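Visitor: Hi! I'm new to looking at protein models. Could you walk me through this one?

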Amino acid sequence: MEKTFNKISESLFTYLKDNEHLIITLDAENSQFIRFNKASVRQTGLVDDASIGLKYIANGRTCRGAFTVSGQEDVDYQRGKVEIDRMRIESNEIPEDPFIVLPNNFGSSHEINNVNNLPFENAVNALTPAMQGVDFVGVWVSGKIFRGNANSLGQKHWFETDSFCLDYSLVTPSHQMVKGCYAGNDWSQAEYEKYVENSKAKLEIMNRKPIKVNTGEYKTWFEAAAVADFLGMFSWNGISEASLRQGCSGFGRMRHEDIRLSSKFSISEDFSPGFCPKFNSNGEVSNESLSLIKKGKLMNTLVSSRSAK
């Protein structure tokens with residue numbers, strides 16, 4: 001996949017004229033998915049897909065295009081040329097971009113994470129035995145993802161990794177559910193079976209007679225899945241610099257009034273696990289770790305080069 005990306009990038013850069021800039025991104029996967037219902041396989045398949053994104057900059061304008069990668073060098077080159085020709089016309093018809101971000105060359109990067117994943121051909125036999133005895137509903141996804149970024153000034157980034165995720169629910173006859181999500185990039189059969197057995201134990205609790213809870217104050221325990229959903233709210237116009245300045249962030253008072261969360265709460269942007277690339281669609285590379293909230297205090301915000309303007 002990396003060779004395909006390099007060939008597409010190199011050929012399209014030669015098609016540019018003077019004073020034209022181009023940023024090329026690749027988003028690809030080679031993955032397996034299996035859908036389970038009542039602890040049985042209901043659907044399975046393989047996905048081998050790749051797409052190219054183009055960001056064309058000229059005349060103080062920014063245009064975007066995209067096409068699906070065929071794997072045939074001449075076909076992909078022709079698709080790219082068609083998009084560039086279209087964007088050349090479009091750039092003469094749209095207003096200037098006041099926040100235009102020109103590409104730079106701050107150096108390239110190359111990261112390939114070779115991990116211990118569950119082979120596609122072994123997945124069904126490895127997963128299904130632990131599911132038996134309960135109404136198990138879920139989706140298994142595993143395989144490689146590929147991300148690439150290159151610009152016409154010579155900067156290039158490449159990232160690929162392997163990972164897996166089993167997102168599932170165990171259902172009681174009365175339609176009570178226990179949610180589980182076993183994910184990572186280092187497969188362990190024993191740890192997987194232990195995780196599912198733990199979910200089954202929780203299902204027994206769900207079968208008990210419900211207890212009415214009166215209005216009042218109680219200490220509440222959030223499962224990992226609930227915490228993940230809670231933290232997901234931070235992406236809803238959360239601690240990005242643009243959202244804070246535009247007044248649409250729920251954390252504005254932390255910036256303007258020094259309001260703080262609990263001293264027990266800290267969150268950081270952390271790329272060290274290797275699940276996603278450190279570079280963005282402009283080819284800008286983040287630090288491996290950035291503290292956002294430390295002991296309840298807002299320390300840093302997420303800033304893109306466009307927001308910085």
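Guide: Happy to! Let's start with N59, which counts as partly exposed at 48% relative accessibility (buried means under 20% relative accessible area, exposed over 50%, partly exposed in between, with a 1.4 Å probe and protein chains only). This is a predicted model, where local features need pLDDT of at least 70, side-chain atom pairs count only at pLDDT 80 or more, and totals for chains, interfaces and linings use all residues. Residues are numbered from 1 along each chain as its sequence is written, and side-chain values use heavy atoms, leaving out hydrogens and water.

Visitor: OK, and where is N59 placed?

Guide: N59 is in the loop between strand 2 (40-58) and strand 3 (61-68). Helices (H or I, at least four residues) and strands (E, at least two) are DSSP runs, numbered from the N terminus.

Visitor: What about the phi of N59?

Guide: Phi of N59 is near 55°, a positive value in a residue other than glycine. Most residues other than glycine have a negative phi.

Visitor: And what is phi like at D258?

Guide: D258 is not a glycine either, and has a positive phi of about 55°. D258 sits in the loop between helix 7 and strand 8 and is partly exposed, with a relative accessible area of 40%.

Visitor: Switching to rings: how many aromatic pairs are there?

Guide: The count comes to 13 aromatic pairs. Rings of Phe, Tyr and Trp (its six-membered ring) pair if their centres lie within 6.5 Å; planes under 30 degrees apart count as stacked, over 60 as edge-to-face and the rest as tilted. Take F164 and W187: their ring centres are 5.3 Å apart and their planes stand at 80°, so this pair is edge-to-face.

Visitor: Which parts of the chain does that pair tie together?

Guide: F164 lies in strand 6 (residues 156-171), and W187 in the loop between strand 7 (177-184) and helix 4 (189-206), so the pair ties together parts that are 23 residues apart in sequence. Both F164 and W187 are buried.

Visitor: What about Y182 and Y195?

Guide: Y182 and Y195 form a tilted aromatic pair, 5.4 Å centre to centre with 50° between the planes. This pair also links distant parts of the chain, with Y182 in strand 7 and Y195 in helix 4, 13 residues apart. Y182 is buried, with a relative accessible area of 11%, while Y195 is partly exposed at 30%.

Visitor: Which residues form the aromatic cluster?

Guide: F36, F136, W140, F164, Y168, Y182, W187, Y192 and Y195 form one cluster.

Visitor: Where does the charged end of R88 sit?

Guide: It sits over the ring of Y15, 4.8 Å from the ring centre. A charge sits over a ring if NZ of Lys or CZ of Arg is within 6 Å of the ring centre and within 35 degrees of the ring normal.

Visitor: New topic: what order do the strands of the open sheet have?

Guide: The open sheet has 3 strands in the order 8-9-10, with antiparallel pairing. Two strands pair if DSSP finds at least two bridges between them. Strand 8 (267-270) and strand 10 (297-298) stand at the edges, each with a single partner strand, so one side of each is left without a neighbour in the sheet.

Visitor: How many bridges join strand 9 to strand 10?

Guide: There are 2 bridges joining strand 9 (residues 289-294) to strand 10. The bridge partner of K294 in strand 10 is K297.
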